[in-house]
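Open the model in your viewer and keep the selection tool at hand.

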Amino acid sequence: MFKRILVANRGEIAVRIVRAARELGIETVVVYSEVDRDTLAVKLADKSVCIGPAPSAQSYLSVPAIIGAANSFGAQAVHPGYGFLAENAAFARACAENNLVFIGPSPEAIDLMGDKNVARETMKRIGVPTVPGSDGPLTTVAEAARFADEVGYPVLIKASAGGGGKGMREVYEASQLEGAFTAAKNEAGAAFGNDEVYLEKLISRPRHIEIQILADMQGNAVHLCERDCSIQRRHQKLLEEAPSPALTPELRARMGEAALLAVREVAYTGAGTIEFLLDTDGSFYFMEMNTRVQVEHPVTEQITAVDIIKEQLRIAAGEPISFLERVPLAPQGHAIEFRINAEDPANNFWPNPGTVTGLTLPGGPGVRVDTHLYAGYTVPPNYDSLVAKLIVWGSTRAEAIARGKRALGELGIAGIKTTTSFHQKVLELADFVAGDVCTDFIEVHAGEL
Ligand code: MV4
């Protein structure tokens with residue numbers, strides 16, 4: 001096992017990684033930018049080093065600064081967390097070239113899954129269900145029109161370098177196709193430096209169901225059930241739950257097996273997530289694969305009693321998955337995560353950084369708070385607005401909802417506006433309580449939220 005690792009991230013995930021490492025007897029070095037000098041991760045880590053000014057490009061995205069810090073502090077490995085360099089194959093390669101273990105999959109796996117069209121074609125080839133659409137990238141409007149006629153409108157034009165909703169265009173009839181095709185290519189070219197696009201039939205009112213997987217270097221690959229992440233706003237997840245109210249044990253087994261097919265095909269190691277679209281008729285289709293630990297990993301931890309970050313550290317150090325005797329895992333109870341962002345829901349979720357003048361955290365049975373906040377901490381304006389994750393667990397979904405209402409009521413973050421009140425409203429909606437949720441939930445219920 002590693003003696004010392006470098007944590008190349010900030011905020012709640014940096015705290016989460018420091019905690020998991022400490023419990024495994026691993027020392028941590030946390031890097032920070034000048035505005036993050038007083039963050040909780042810096043206080044909790046064994047060592048810390050300032051790697052640059054606030055702008056991410058000069059700090060958390062600076063490969064030389066991070067590699068340099070890891071080498072000068074004698075770290076054996078680097079944990080990238082999520083965001084920043086977590087899915088950057090060049091960074092993974094730079095770590096390897098500097099004798100540092102990148103805590104994540106191979107650069108090849110990152111590159112393969114980073115190209116959404118190559119990922120889709122790979123899944124098609126190995127028999128993972130994919131949405132009917134084009135065979136590879138679209139080069140001309142005529143080709144796009146042919147595939148659109150073949151699968152039937154409405155269709156979705158997607159950017160190969162996209163993901164997370166960027167560079168997508170919905171097309172409802174043939175007359176719109178040329179304009180949408182050209183716009184999607186221009187947007188993708190401008191945003192990613194790669195204007196390649198492909199086409200899929202539009203699945204209307206899907207659920208976003210993602211399967212968590214872990215794979216070690218001994219060839220063991222397991223899935224840890226699903227998360228339902230359908231409640232999103234502008235492709236930003238707000239609330240996630242596990243298991244999904246829409247899955248039966250049979251559907252869970254089929255989606256889990258599909259996810260493991262993908263894992264084996266790319267010789268994946270570490271923690272990963274395969275995202276699916278679940279149609280209202282129970283059909284599911286591959287959407288994307290994320291080659292990082294995700295923000296919402298705690299809901300999976302709560303229903304499987306697996307510490308995903310510790311498993312990542314064990315796998316990266318060459319150890320096998322530690323809970324194989326418990327596989328296959330069945331969900332135990334129900335968990336819901338509420339993303340608490342420093343944003344003002346009354347002002348179009350506009351960021352609301354500032355000093356936390358008072359902090360009251362909820363507790364009691366089935367309540368977990370993953371946060372880097374403390375009373376007196378100042379939330380900087382420079383980074384993502386996530387400041388806390390409130391995760392509740394209940395023996396049933398109804399108990400988890402009741403506990404969520406109770407815990408959200410206890411959560412007190414004075415000095416900044418947060419999304420707490422938004423979540424309290426969601427829990428009051430009959431459609432949510434009934435589990436009747438799909439990706440248009442926020443739009444459909446905008447008037448009540
Ligand atoms: C889709 C889709 C409907 N049909 N693909 C959104 C970002 C990226 N994960 C792919 N996404 C979608 N792909 C087909 N063929 C609908 C979405 C989508 C979505 C998916 C999951 C969660 C929220 C979403 C919000 C808007 C669109």
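Helices and strands here are DSSP runs, numbered from the N terminus; a helix needs at least four residues and a strand at least two. Keep in mind that this is a predicted model.

**Stop 1: Ile110**

Select Ile110. You are in helix H5. Is Ile110 buried or exposed? Buried means under 20% relative accessible area. Ile110 has 4%, so it counts as buried.

Now show what surrounds it. Leaving out residues up to four places away in sequence, Ile110 touches Glu87, Asn88, Ala89, Ala92, Phe102, Pro105 and Thr291. Gly282 and Ile110 are 172 residues apart along the chain, and their C-alpha atoms are separated by 29 Å.

**Stop 2: H4 against H5**

Select residues 89–97 for helix H4 and residues 107–114 for helix H5. Their axes come within 8 Å and cross at roughly 175 degrees. H4 is therefore roughly antiparallel to H5. Which residues make the contact? On the H4 side, pick Ala89, Ala92 and Arg93. On the H5 side, pick Pro107, Glu108, Ile110 and Asp111. Colour this contact by residue type: four are nonpolar, three are charged and none is polar.

**Stop 3: H5 against H6**

From H5, show Leu112, Met113 and Gly114. They meet Lys116, Val118, Ala119, Thr122 and Met123 of H6. The contact of H5 with H6 holds five nonpolar residues, two polar and one charged.

**Stop 4: Val15**

Jump to helix H1, residues 11–23, and select Val15 there. Its relative accessibility is 0%, so Val15 counts as buried. What does Val15 touch, not counting residues up to four places away in sequence? The list is Leu40, Ala41, Leu44, Thr371 and His372. Ile308 lies 293 residues from Val15 along the chain, yet their C-alpha atoms are separated by 14 Å.

**Stop 5: aromatic rings**

How many aromatic pairs does a search of the whole structure find? It finds seven. A pair of aromatic rings is described by the distance of the centres and the angle of the planes.

Start with Phe276 and Phe284. Their ring centres are 5.4 Å apart and their planes stand at 90 degrees, so this pair is edge-to-face. Both Phe276 and Phe284 are buried.

Next, select Tyr374 and Tyr377. This aromatic pair is tilted, with 5.4 Å centre to centre and 50 degrees between the planes. Tyr377 has 3% relative accessibility, so it counts as buried.

Then select Tyr60, Phe84 and Tyr383 together. Ring pairs link these residues into a cluster.

**Stop 6: charges over rings**

Select Arg146 and Phe147. The charged end of Arg146 sits over the Phe147 ring, 5.6 Å from the ring centre. Move on to Arg397 and Phe432. Here Arg397 lies over the face of Phe432, 4.6 Å from the ring centre.

**Stop 7: cis peptide bonds**

Select Tyr153 and Pro154. The peptide bond from Tyr153 to Pro154 is cis, and its omega is near -5 degrees. Pro154 is in the loop between helix H7 (141–151) and strand S6 (155–159).

Now select Val327 and Pro328. The peptide bond from Val327 to Pro328 is also cis. Its omega is near 5 degrees. Where is Pro328 found? Look in the loop between helix H11 (308–316) and strand S14 (334–341).

**Stop 8**

Finish in the loop between strand S15 (343–344) and strand S16 (350–351), where Asn348 is found. Phi of Asn348 is near 60 degrees, a positive value in a residue other than glycine. Its relative accessible area is 45%, so Asn348 is partly exposed.

Select Phe349, also in the loop between S15 and S16. Phi of Phe349 is near 60 degrees, again positive in a residue other than glycine. Is Phe349 buried or exposed? At 12% relative accessibility, Phe349 counts as buried.

Key:
Residues numbered from 1 in each chain as written. Predicted model: local features only at pLDDT ≥ 70, side-chain atom pairs only at ≥ 80, totals over all residues. Heavy atoms only, no water. Axes fitted to C-alpha atoms, helices over the stretch in contact; angles between N-to-C directions. Parallel < 35°, antiparallel > 145°, perpendicular 65-115°, else oblique. Contact = heavy atoms within 4.5 Å. Nonpolar A, V, L, I, M, F, W, Y, C, P; charged D, E, K, R; others polar. Buried < 20%, exposed > 50% of the residue type's maximum accessible area, 1.4 Å probe, protein only. Phe/Tyr/Trp six-rings, centres within 6.5 Å; stacked < 30°, edge-to-face > 60°. Lys NZ or Arg CZ within 6 Å of the ring centre and 35° of its normal.
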